[in-house]
Amino acid sequence: MRRTRSGGQALIETAVTLPVLIALFLGFLAAGVGAQGYVDLNTAVYLAAASNVTAFAGDQPLAMQYATDTFDATVSHDTLLRKVGFNCPAPPSDYAAGGQVVCTGSAVLEFSKTPLAVVVPVDPTISATATATRSAYRSCPPNTVGAC
Amino acid sequence: MVVASFVLVTFAAVSAAFHSIQRAMAETAAASGVQVAASGTPGDPNTPYLAGAYAPTKNLLDSVMFGTTIEQGTGNQASCGQGLPDATIQVCAYPDGALVGETIRGRPGFPIPWIDQLLPWKVDVTVEMHQVSYQP
């Protein structure tokens, strides 16, 4: 008789605590996936800013092409990120030799593509910013007239 | 039973956290390596320095990849790290049009030896960067 009561009590305790523990575990996983998405986006923006400053000084379209190509390619390898926008606007960016470029990228973190949608029912939009400085000795594009 | 469930869920959470750290470091390591790969080869600045990507990547990965063999691969994004044994990851740098890519792929080891047979954790990270241009 005692054994049956004890077994029943354990079963009820398990039934009460197990869903809480599973929810906690899924919450940990969701936090991990969220951190992973943010690290990936941060890396993409950082590499894009680094690419931007390798273009010739004063050539903003070329610099933006380098940066956008880098950002798009890196974000495309993360199946949970969907690009929303990317830009390195001037100002505040300075495309002259020795100038500092500020890039911002944003993306939707698609929890809805994973079973974690149970605990995170919305797909949050995350953003990251990176700065990079063009070399003071970076040359102007060929055939440039005047300062760049 | 409650204690067993608690221990199991706690272990799973710790494992997931450990995997997050390993993956975040792989992303950082790949970003570090691809910047070297996108630069010019010594003596030939118009050719990406693909071989230079491995050393900085491995240096960063070593700090969190316990009991894991890190090897240099020659494949591209699709073929890198295929058919590797457990507790081995591969680092591949390759050209991709005007960009240079670096992929880190494989199943890292786990601090508790037999656990890596059971956990499905894999690292699969790819980053790309535009090649550095030089004035003609």
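This is a predicted model: local features need pLDDT of at least 70, side-chain atom pairs count only at pLDDT 80 or more; totals for chains, interfaces and linings use all residues.
## Sheet in chain A

Three strands of chain A form an open sheet in the order β1-β2-β3, with antiparallel pairing. Its edges are β1 (81–87) and β3 (125–133) of chain A, each pairing on one side only. From one strand to the next, the twist averages 20°.

Strand β2 (residues 100–109) of chain A pairs with β3(A) over nine bridges, in the antiparallel sense. Val102(A) has Thr131(A), in β3(A), as its bridge partner. Helix α2 (residues 60–76) of chain A packs on the sheet and touches β1 and β2 of chain A. The direction of this helix makes about 165° with that of β1(A).

## Nonpolar core

The largest nonpolar core holds 61 residues. Those that touch the most other members are Val45(A), Leu47(A), Ala48(A), Ala49(A), Ala67(A), Val34(B) and Ala37(B). Helix α1 (residues 2–38) of chain B gives the most to this core, with ten residues.

## Contact between the chains

Chain A puts 31 residues into the contact and chain B puts in 27. On the side of chain B, the elements giving two or more residues are α1 and β6 (123–130) of chain B. The largest share, 15 residues, comes from α1(B).

By class, this side of chain B has 17 nonpolar, seven polar and three charged residues.

How values were computed. Residues are numbered from 1 along each chain as its sequence is written. Chains are lettered from A and ligands numbered from 1 in the order in which they are written. Two strands pair if DSSP finds at least two bridges between them. Helices (H or I, at least four residues) and strands (E, at least two) are DSSP runs, numbered from the N terminus. Axes are lines fitted to C-alpha atoms, for helices over the stretch in contact, and angles run from 0 to 180 degrees between N-to-C directions. Two residues are in contact if their C-beta atoms, placed from the backbone, lie within 7 Å. A nonpolar core is a set of buried Ala, Val, Leu, Ile, Met, Phe, Trp, Tyr and Cys residues joined through C-beta atoms within 7 Å. A residue is buried if 20 or more other C-beta atoms lie within 10 Å of its own, exposed if 12 or fewer, and partly exposed in between; C-beta atoms are placed from the backbone. Ala, Val, Leu, Ile, Met, Phe, Trp, Tyr, Cys and Pro count as nonpolar, Asp, Glu, Lys and Arg as charged, and the others, Gly among them, as polar.
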